[in-house]
Every structure is written in structure tokens, then in C-alpha cells.
Amino acid sequence: MNRVLIVAVSALAFSAPAGARLPVFPSGSSVGEGAPLKAYATITPTVHLFGDSVTAKIAVVADTKWVDPERVRVNASFTPYEPMRSPAVLRYSVGRFAQVTYTWTLHCISSPCVPRVPPSDKFHVFRFHAARVEYIAMTGKPQYGLNVSWPPVEVLSQVSPGVAAFLRRSNNLDWRIHITPVASPTYRMSPDLLFWLALALAGTLAAVAALFARRWYLVVRPRSVETYTIDPGTTLERALSVLRYAHEQGDETLQRKAFERIAGELGIEEADELTRTARELAWSPRTPEDEEVEEFAAQARGTQETDE
């Protein structure tokens, strides 16, 4: 019973609750006056310097016979102040008595909170909108609620009256600041050395990439094909052009066919020996040497010139 009285006294230490439209239970309640719940708001400190934080609290005390504390909701706005974090919620209950306390930490470092020129050159007084405490029905809609008024908050300038008077007289700012020397940084590796090592590594990787790119290009690039103009002369001249092309390309099959074609074109008596040579080279089990092919081609051309 003593603990209930202590909690009730601490709740009543807050500012008095505003008027509300609440149901009244004639059979009585643990919070008094037959009311199912009451709410109290406080702000500490109510006078502070610009940039300092303040603490805002709303304590909702309720009779658990008529109120489920889990269904109590509080909506509050502190413009131009801003909450530094989500409100902390503390729940406490003894018997039929329950208390839910919401705590906000507020600050205002924006222009509206800066002390202005006369007549309020030293302070601002802010009066927040009343907070709304609602009891939510099982349907999810507010069943009833009440408004809770906040005490006014006064903001004072961080500049002392003496300094403010001096600034008004001299119109000069004499800033003073003391900066603690910072120790020189230490490194596991010299930044200059690390830079050059990174640059060398980047150059090496670029060179390796260029080497692989060149090899890839040599593999996939289209190979140039040497073109040969076949003399549109006699069939023997064309056969000799085919022989020259096959010999230069190393195409043994085409070369043998060219020899056989040339043998068929040399159909003259003085070319009987040259014809036999052409057929021997065409059907020889070995591949003719370069000198043999060149000598044969020269003799065949000589035969063609003799005919002309």
C-alpha cells in the first residue's frame, strides 16, 4: 500500500491535467473521482540555454479495472524542438493502480530557437501544443481521451550579459579558442611508399593485360589471305599459276593436281621428257623439293615461249 501511495504522489507532482471527456464510474476508481485514467505532463528544465537538451515526460495513471495500460496511446508535438530519439516507455503497476510514463529528450538548434533582438533579445518562450492521451478500443479506434498541457519553455542566450553589452558597444567579436595539439599520425607503412607500390602494381597489371589482349587478338583476328592473279592466258599458264600458288601455300594435294594438269597441257613432241617429269612429280611418293618445282616451272615456261 505504501508503494502505491509513493507512485501516486510522484504522479501528482507533475502539472495538473487538462480538462478531458472521460467516462465516470460511480463505483469509484484507484485514481480518484471515478475517472478511469489521468495524465500529467512536465518538462525539465523549463529554462535552459540555447542548444541544451530538455526532458519532457507524460505520466498516465490508470485503474486497471477499467483500463488496459497496453491500449493507452500518447501523441505529442514539440515544434520547433525535435526528439533526439524515440520516447522511452516505463510501465509500473501495483494492484489496480498502473502507471505508464513516456519520456522524450528534446533539443532545438535551428533558427527559430535562437534568441532574437528586443524586446526578447535574451530569451524565447515556447508553448507546445497540448499532448493527446487516448484509450484505444478493441476495434482499433479511440474510445475516449484527454488533452495534457505542457508548461512553457524559456530559452536563454549562451552569451552572457557582459559580453552582449561589450558587443553592442564595440561591434567587434574577439574570439578565443584553445585547440589541444594532435599527435602526429603513425603508419605501419609510409604513405609515399604505399602510393608508389600501388602505382607499380597497377602498371604491372596493365602490362599483363595488354600482353593477354595482344595474344587474344592474334588468335581471333581475321588472317590476311594472299591473292594471286591468275593470268587469263593459255591453259598452261593458268596451270603454272596454280602450281606456284600451291607450292607457296604448302598445299601438297593441290600441287600434285597442278603437276598432272601441266602434264596434260604439254602435248607436244619436244615436251615428252617434260611431260614425264610432270607426271613423276605428281605421283612421286615424296614431296618435290623447292628447287625441283622451280626448275620444272622454268622449263615449262620456256616451252611456252618456244611455241610462241
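These legends accompany close-up views of a predicted model.

Residues are numbered from 1 along each chain as its sequence is written, and side-chain values use heavy atoms, with hydrogens and water left out. Because the model is predicted, local features need pLDDT of at least 70 and side-chain atom pairs count only at pLDDT 80 or more, while totals for chains, interfaces and linings use all residues.

**View 1. The whole chain, to get your bearings.** The protein chain has seven helices and 12 strands; these are DSSP runs numbered from the N terminus, helices (H or I) of at least four residues and strands (E) of at least two. Of its 308 residues, 29% are buried (under 20% relative accessible area, with exposed over 50% and partly exposed in between; 1.4 Å probe, protein chains only).

View 2. Helix H6 covers residues 272-283 and reaches 17 Å from its first C-alpha to its last, close to the 16 Å expected at 1.5 Å a residue (1.5 Å times one less than the number of residues). Leu274, Thr275, Ala278, Leu281 and Ala282 are its buried residues. Seen down the axis of H6, they fall within an arc of 130 degrees, so they line one face of the helix (the arc is taken from the directions from the helix axis to the C-beta atoms). On the other side of H6, look for the exposed residues Glu273, Glu280 and Trp283.

**View 3. Glu134 and its partners.** Glu134 sits in strand S10, residues 131-136, and is buried at a relative accessible area of 17%. Its side chain meets that of Arg132 in a salt bridge (3.5 Å, N to O); the term stands for a side-chain nitrogen of Lys or Arg within 4 Å of a carboxyl oxygen of Asp or Glu. Arg132 is partly exposed, at 29%. Leaving aside neighbours within four places in sequence, Glu134 is in contact with Arg71, Val72, Arg73, Asn75, Pro142, Tyr144 and Gly145 (heavy atoms within 4.5 Å).

**View 4. The salt bridge of Glu70 and Arg91.** The side chains of Glu70 and Arg91 pair at 3.9 Å, N to O. Glu70 lies in the loop between strands S4 (54-63) and S5 (72-75) and Arg91 in strand S7 (residues 88-94), so the pair ties together parts that are 21 residues apart in sequence. Glu70 is partly exposed at 48% relative accessible area, and Arg91 is partly exposed at 40%.

**View 5. The salt bridge of Lys38 and Glu33.** Here the side chains meet at 3.5 Å, N to O. Lys38 is buried, at 15% relative accessibility, whereas Glu33 is exposed, at 70%.
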